[in-house]
Amino acid sequence: MEDLLQVGAITQMHGLRGEVKVFPTTDDAKRFKKLKEVILDTGKEKMTLEIEGVKFFKKFVILKFKGLDDINDVERYKGKNLYVTRENAVKLKKNEYFIADLIDLSVYDENNAYLGRLKDVIVTGANDVYEITLEDGRDLLLPAIKQCILDVDMEERKMKVHVLEGLL
């Protein structure tokens with residue numbers, strides 16, 4: 001499992017005083033209000049940045065980091081991702097999982113026959129859809145609903161599913 005979970009990506013600068021515009025990759029952008037720090041992956045190193053201010057603008061979050069007070073201080077971080085540690089991640093409810101943890105799970109049908117690997121999670125308006133790469137190379141799109149997802153065992157890295165008629 002991943003130690004760091006992505007919460008956003010810096011898209012551009014916001015003004016001249018060191019603020020950055022962040023596209024949130026978390027379900028709830030308001031969670032940035034509760035965060036004290038984020039980890040910036042520069043590509044060469046990971047830096048912990050203390051959050052000094054949070055504002056919201058359309059679908060973006062405007063962040064101000066302590067000690068980075070000028071556009072020149074933050075310009076080089078455009079396009080870089082922001083992460084949090086698991087300790088700072090949102091608390092999950094029962095039967096909720098981080099997408100990063102679901103990727104690459106082994107997928108089995110209700111008769112314990114191996115189907116393939118979970119390749120991606122597609123977030124839609126109604127419910128998520130799990131993209132599963134089958135053994136023969138085809139992709140199966142399976143809705144993440146109770147009727148289809150029978151069990152998820154994170155320790156064993158296995159998911160048991162029921163494939164609805166017509167999906168294969």
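This briefing covers the fold, the strand pairing and the pockets of one protein.

The model is predicted, so residues are numbered from 1 along each chain as its sequence is written, local features need pLDDT of at least 70, side-chain atom pairs count only at pLDDT 80 or more, and totals for chains, interfaces and linings use all residues. Side-chain values use heavy atoms, without hydrogens and water. The protein has 2 helices and 12 strands. These are DSSP runs numbered from the N terminus: helices are H or I with at least four residues, strands are E with at least two.

**Overall build**

- Along the sequence, the pattern reads β-β-β-β-β-α-β-α-β-β-β-β-β-β.
- The C-alpha atoms fill a box of roughly 60 × 30 × 30 Å along the principal axes.
- Take the contacts between residues at least 6 apart in sequence: 48% of them join residues at least 24 apart. A contact means heavy atoms within 4.5 Å.

**The barrel**

- Six strands form a closed barrel: 6 strands in the order β1-β2-β5-β4-β3-β6, with antiparallel pairing. Two strands pair if DSSP finds at least two bridges between them.
- Its twist averages 50° from one strand to the next. Axes are lines fitted to C-alpha atoms, for helices over the stretch in contact, and angles run from 0 to 180 degrees between N-to-C directions.
- β3 (residues 37–41) and β4 (residues 46–57) are antiparallel, with 5 bridges. Leucine 40 has methionine 47 in β4 as its bridge partner.
- The hairpin of β3 and β4 has 4 residues between the strands, and glycine 43 there takes a positive phi near 100°.
- β4 also runs antiparallel to β5 (residues 60–65), joined by 6 bridges. Phenylalanine 57 has phenylalanine 60 in β5 as its bridge partner.
- The hairpin of β4 and β5 has 2 residues between the strands, and lysine 58 takes a positive phi near 50°.
- β3 pairs with β6 too, antiparallel over 3 bridges. Aspartate 41 stands opposite asparagine 81 in β6.

- β7 (residues 106–109) and β8 (residues 114–122) pair antiparallel over 3 bridges. Tyrosine 108 has tyrosine 114 in β8 as its bridge partner.

**Pockets**

- The largest pocket has a volume of about 1,200 Å³. On a 1 Å grid over the protein atoms alone, a pocket is an open set of points where a 1.4 Å probe fits, with protein on both sides within 12 Å along at least five of seven lines; lining residues have an atom within 4 Å of a point. Points are joined across faces, edges and corners, and volume is the space filled by probe spheres set on them.
- Its lining has 40 residues, and Asp27, Tyr97, Phe98, Ile99 and Asp128 are the closest to the centre.
- β1 (4–14), β6 (81–85), α2 (99–102) and β11 (149–153) each give two or more residues to this lining.
- By class, the lining of the largest pocket has 23 nonpolar, 7 polar and 10 charged residues. Ala, Val, Leu, Ile, Met, Phe, Trp, Tyr, Cys and Pro count as nonpolar, Asp, Glu, Lys and Arg as charged, and the others, Gly among them, as polar.
- The second largest pocket has a volume of about 180 Å³. Its lining residues include Asp28, Arg31, Lys34 and Asn88.
- That lining divides into 3 nonpolar, 1 polar and 5 charged residues.
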